[in-house]
Amino acid sequence: MAMKPSDTDQKLRKQRLIFYEDDIGRINKALENYQNLSKSRCNMLIDVEGHPVTQVGSTEGINLETIAALVAASFAATKEVAKILGETEFSSLTHQGKNESIQLSIVGDRTILTTIFDSQDTTVGMVMFYTKELVEKLNAIFNEIKSRKDSGKPIFNDDFKDMSGVLDDMFGDV
Amino acid sequence: MVQINFAKREINCKLVYYGPGLSGKTTNLEVVHKKAPASKKGELTSIATEGDRTLFFDYMPLELGKVGGMNTKFQLYTVPGQVYYNATRKLVLQGADGVVFVADSQPDKMDENLESFQNLEENLREQGLDPKTIPMVLQWNKRDLPNVLTPEELDAKMNKYGAPTFEAVAVTGDGVFPTLKKLAQIVLEKLNREYGLQNDGPGGGSAPAKEPPKEKEPAKAPAAATPPPKKPAAEPPPAKEPVREPAKAKAQDDRAERERAERERERERERAEREREREKDRERDREKEARPKPRDFNVTPPAQEPAKKGGGKGVLLLLLLIAVIGGAVGAGFAGKLGPLQKHYDDHLRQHLGGGTPAGQ
């Protein structure tokens, strides 16, 4: 008998981030423009769970997945600090190093813009200046994504039935 | 929370190892990291104290491969087990798509197991997740120790939602992969159920409930013990689904790669150019340093030569000194701030002068 998803599951499904190629194209365009203006090295968009969404710029020497997980955790921890201080959240965070620095800015309520920049190329002020403009642009894109009707299409194709083979390949036939 | 990225044909899921302190969560992750093929795993990152107790979390990405046409990735986390760190445990649990609860099988650890499980339920509910429906697997760890509770006893005390259970000795790796394999399977089947309902149709879906209750699988249980796979989606995504054809996708990827490489080269050229400019600035500074000291200025600027013949020699020298130092400082600032100032000026011109900002 088919199981009906619970209310919690339905709610989760509504909150779930689904990106299509067109969305990523628009986001990347906005990120590239921002990157040129701010003279930053690399820009990533990650979700608050720490999954990378997309990135532009030079990512050489950067482990994207790890940095995404750490950035998301850092943001989550800081959000709790904000709450203790009576704020809902801190909308941006900057970590400054001798050469490389990173700025995090919340976009919408589910994603974090991560800007990595070289202090010889630009300044925190310049990055922050252009971030405001970008966040507005991205918010508009995200609002469209959010308001889009769920296509109801399956994610997986017919090959899903071979999942156990994929699992066996990874974890062994146990 | 699962992120579905059709642009990359990718699914990202977050799996969390939960349980009391020293039950073996980090050891589980270390074993997965050790045993997983190098091409499928990322770095294992630990935010731990000096005594190797997890302070915030351990993390590693694991790429499962193509499932139903989607490249499937798992992000594996462990929480800090110690009671004191509940705030950070909550953070790590945020948006989890599945949980492995690692319990210590020793009788004197039962209270800690129960307290941790209750804490898990509370934290899940606080985040709007339902402990009954979230994909979960229980692992009875440390089976190699003497006088441990039997799986039946552990099950009766802890498994209130009928989750699949596995016996394990994480330090030797026994039972670690079967536990994770099962959770991965449940998470993906749940996702497929959620997004395949329309295709299943009334009565057509054979989707099982969360999991058949009370499924107990010892570490070496055969794969056949797993529940029957869910009926797959009836048809592949239609053409209007934003799925790129392989050839087209490859061409686009190649183009994007070329563009990226070009941008990178451009950036390198700009960096080199900036470095050359900086070097020139430094050279100019060195030259200025090497110039005659103020007291010799009467021989340097030819334009000032006639003036030195006039009266008030001391005043003239002072004025000269101020002018030269002022010029040097100004040139230094102009050299350093010139590009940034120009950049700001350009931007202000674009906005205030009626121009359109680049790229808009």
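1. In chain B, helix 4 (residues 151-158) has B:P151, B:L154, B:D155 and B:M158 as buried residues, where buried means under 20% relative accessible area, exposed over 50% and partly exposed in between, with a 1.4 Å probe and protein chains only. Viewed down the axis of helix 4 of chain B, the buried residues fall within an arc of 100 degrees, so they line one face of the helix; the arc is taken over the directions from the helix axis to the C-beta atoms. The face turned away from the buried side of this helix carries the exposed residues B:E152 and B:A156. Helices (H or I, at least four residues) and strands (E, at least two) are DSSP runs, numbered from the N terminus.

2. A word on the basis of these remarks: this is a predicted model, in which local features need pLDDT of at least 70 and side-chain atom pairs count only at pLDDT 80 or more, whereas totals for chains, interfaces and linings use all residues. Residues are numbered from 1 along each chain as its sequence is written, chains are lettered from A and ligands numbered from 1 in the order in which they are written, and side-chain values use heavy atoms, with hydrogens and water left out.

3. Chain A contains five helices and six strands, and from the N terminus on its elements follow the order α-β-α-β-β-α-β-β-β-α-α. Of its 174 residues, 51% count as buried. Among the contacts in chain A with a separation of 6 or more, 53% are between residues 24 or more positions apart, a contact being heavy atoms within 4.5 Å. The accessible surface of chain A is about 8000 Å², and 51% of that belongs to carbon and sulfur atoms; such areas come from the Shrake-Rupley method with a 1.4 Å probe, and for residues only the protein chains shown count as cover.

4. Chain B has eight helices and nine strands, and buried residues make up 44% of its 360 residues. Of the contacts in chain B between residues at least 6 apart in sequence, 68% join residues at least 24 apart. Its accessible surface comes to about 18200 Å², with 57% belonging to carbon and sulfur atoms.

5. On nonpolar packing, the largest nonpolar core has 43 residues, and those with the most contacts inside it are A:F156, A:F171, B:V32, B:L62, B:L64 and B:L76. Such a core is a set of buried Ala, Val, Leu, Ile, Met, Phe, Trp, Tyr and Cys residues joined through side-chain atoms within 4.5 Å. Two or more residues each are given to this core by helix 5 (163-171) of chain A and, in chain B, by strand 2 (10-18), helix 1 (25-35), strand 4 (54-67), strand 5 (70-78), strand 6 (98-104) and helix 5 (176-200). Helix 5 of chain B gives the most, with 10 residues. Apart from this core lies another, of 31 residues, among them A:A69, A:A73, B:L124 and B:A163. In soluble globular proteins, nonpolar side chains tend to be buried together.

6. Over all chains, a search of the whole structure finds 16 salt bridges, each defined by a side-chain nitrogen of Lys or Arg within 4 Å of a carboxyl oxygen of Asp or Glu. One of them joins A:E49 and A:R110, with the closest N and O atoms 2.8 Å apart. This pair links distant parts of the chain, since A:E49 lies in the loop between strand 2 (42-47) and strand 3 (52-57) of chain A and A:R110 in the loop between strand 5 (100-107) and strand 6 (111-118), 61 residues apart. A:E49 is buried, at 6% relative accessible area, and A:R110 also counts as buried, at 14%.

7. Other salt bridges involve partly exposed residues, as the following pairs show. A:K83 pairs with A:E80, the closest N and O atoms being 3.6 Å apart, and both residues lie in helix 3 (residues 64-84) of chain A, three residues apart, about one turn of the helix. A:K83 is partly exposed at 46% relative accessibility, as is A:E80 at 31%. In chain B, the side chains of B:K109 and B:E112 meet in a salt bridge at 4.0 Å, N to O; B:K109 is partly exposed at 24% and B:E112 at 33%. A network of salt bridges links A:E65, B:E10 and B:K73.

8. As to cysteines, the search of the whole structure finds zero disulfides over all chains, a disulfide being a pair of cysteine sulfur atoms within 2.5 Å. A:C42 counts as buried, at 0% relative accessibility, and B:C13 likewise counts as buried at 0%.
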